[in-house]
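Okay, thanks for making time.

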Amino acid sequence: MNCFQMRKFYPPAPKEVPQKNYSLAISVSDMGISDEEWERLQKALDWPGPDQQITQLDLSTSPVHSTFSVVELKKSYKVGDNISVIITARDHNKNLKRYGGDFFKAKLFNSELKASVYGEVVDHRNGTYSVVLLLPWEGQAQVFVRLEHSSEVVQILKKYRESSFPRSHYYGYFEGSGPNKTRISEVVECNLKWGGEGSWRKRNCCCEYKDIKTETVWQCERPKKLPCDKLVYHSKGSTENPLNPFEKQFFAKTLTNVRITGDTQVINILPNTAGNGTTERCRSGLMTPVPAGFYLKDVWKSFVCNTQQFDSAQMWKCLKNKIVYMMGDSTTRQWFEFLEKKVPGIKRMNLHTPRLAGPLMAVELKNNIIIHWRPHSVPLRFTIMPVTNLHYIANDIDKIAGGPHVVVVFTLFAHLVFHPITFYVHEVAKIRQSVVALLSRAPQTTVIIKSGNTAGIKDIFQSDWYVLQENKVMKEMFRDIDGVIYFDIWQMTSCHYLTENIHPGPVVIANAISMFLSYVCPA
């Protein structure tokens, strides 16, 4: 039973926002990194786009007229061979595109075998793209390519990501004593303050809450009756669409995440005695290749390291005497819920917190297993919850002593897509500082970063393109940090047959947990 109860609040109606300048000036010192690192990150994030101002929809990339073909398709191949695929982008008038920047996704699959593998699309910046696809299983396979966004859409995504336009709104709930022993409650709008005066451009408007360690500033409109220190609860607010009518056309469902036509011939793959796979022990410091692995009969076979499959008893054994700290968002909560279901004898403690917002804790006394989960701090689009339960990941890591019995896993992506990438860099820089300190005082701690996954929503608010860019930042910023494991779940969600969802399906979660536990208890 959940004992968390609260009076009902009615959030204020969103205000009309007049059109104004939303440009954002952010310095390298704001982000907390060096000039050299920012240069490196900009290279990693570089994405080509239209070489001119687009004034007509029909000049954008068309999923109907864009095609792919397999280069020199043979009658048969062997397991371990590669095939090359060329993608040709065309506009709505069937003209070849002259520039790159389209966001295509590619995979090889076999529905009957429940088999699939991810392919990385290489942009030649001239309207053509290529993909090398590994043939990892015996039997048949087909190529699948989709246009998630045209380069014109990516240009729009980039424009609004780098602006201070508040695509996401939040509410702050203030409570305090009124006259004659009454309780006063007020609900106001809140948001991130990042760059200059933040999203609102209001003078003396706000209560400001600056976190000492991360230096992140959260601001709420000043309540009419209560002082700033009476902020008690936080929740998500509305979303606000910055697109003008012309831009909206480019995001039409018929143009977004659409399969393109191409070679439908079946590829025949013969057995190979050499075999494919890896016997490398799962540990930190391993590179994530492309592909990072493949599905066969719904089981993920990793090329990063030797992944084991864990039944309930093996999970119980692996987690013996371990304290697991899971941080981030509802995608790490899915891991918590999976282990809660599968580990024999584990029980969730009633912490009198919201079931979905947490924090959550589960324990198994016989084998001394403790699993914690909690969401990261604001910005966070969660249901109403106490502000005191919102902790920045960096601050929580600072409070962990660490050691061989400690596992820390965190993710940071889904709730940050509403805000500038420069703010994401700032947050990751603070987390990195804390992780380096943790591994310095307790080098045997297992630290795992779960990358962002693909999601079902492909719009101005939550495009996978945003997440892809965040993953590049996270990977690049932790590249040289010894002792950290970067777990790329992007490829696992991008190529699986289940419809993409911000919350991956049970099959994907089960495979992710096997991968996770292979790092905790390597063979």
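N321 isn't a glycine, yet its phi is positive, about 60°. You'll find N321 in the loop between helix 5 (312-318) and strand 19 (323-328). Helices and strands here are DSSP runs, H or I of at least four residues for helices and E of at least two for strands, numbered from the N terminus.

Quick housekeeping. This is a predicted model, where local features need pLDDT of at least 70 and side-chain atom pairs count only at pLDDT 80 or more, while totals for chains, interfaces and linings use all residues. Residues are numbered from 1 along each chain as its sequence is written, and side-chain values use heavy atoms, with hydrogens and water left out.

Back to phi: K181 also has a positive value of about 60° without being a glycine. K181 sits in the loop between strand 9 (168-177) and strand 10 (183-193), and K181 is exposed, at 86% relative accessible area.

Then the cis peptides. One joins V290 and P291, with omega about 0°, and P291 is in the loop between strand 16 (267-270) and strand 17 (293-296). Another runs from V378 to P379, with omega near 0°; P379 belongs to the loop between strand 22 (369-375) and strand 23 (385-386).

Now the inside. In soluble globular proteins, nonpolar side chains tend to be buried together. By nonpolar core I mean a set of buried Ala, Val, Leu, Ile, Met, Phe, Trp, Tyr and Cys residues joined through side-chain atoms within 4.5 Å. The largest one here has 120 residues, and M326, W335, F410, F478 and F516 have the most contacts inside it. Helix 8 (residues 421-441) gives the most to that core, with 10 residues. There's also a second, separate core of 28 residues, including V70, I83, Y129 and F294.

What does M326 contact, leaving aside its neighbours within four places in sequence? Among them are W335, F336, I371, W373 and F516, where contact means heavy atoms within 4.5 Å.

Last, pockets. On a 1 Å grid over the protein atoms alone, a pocket is an open set of points where a 1.4 Å probe fits, with protein on both sides within 12 Å along at least five of seven lines, and lining residues have an atom within 4 Å of a point. Volume is the space filled by probe spheres set on the points, which are joined across faces, edges and corners. The largest pocket comes out at about 680 Å³. It has 30 lining residues, and the closest to its centre are Y118, E120, V121, L468 and K472. The second largest pocket holds about 460 Å³. Of its 22 lining residues, M287, K475, F478, R479 and Y486 are the closest to its centre.

Terms used:
Buried < 20%, exposed > 50% of the residue type's maximum accessible area, 1.4 Å probe, protein only.
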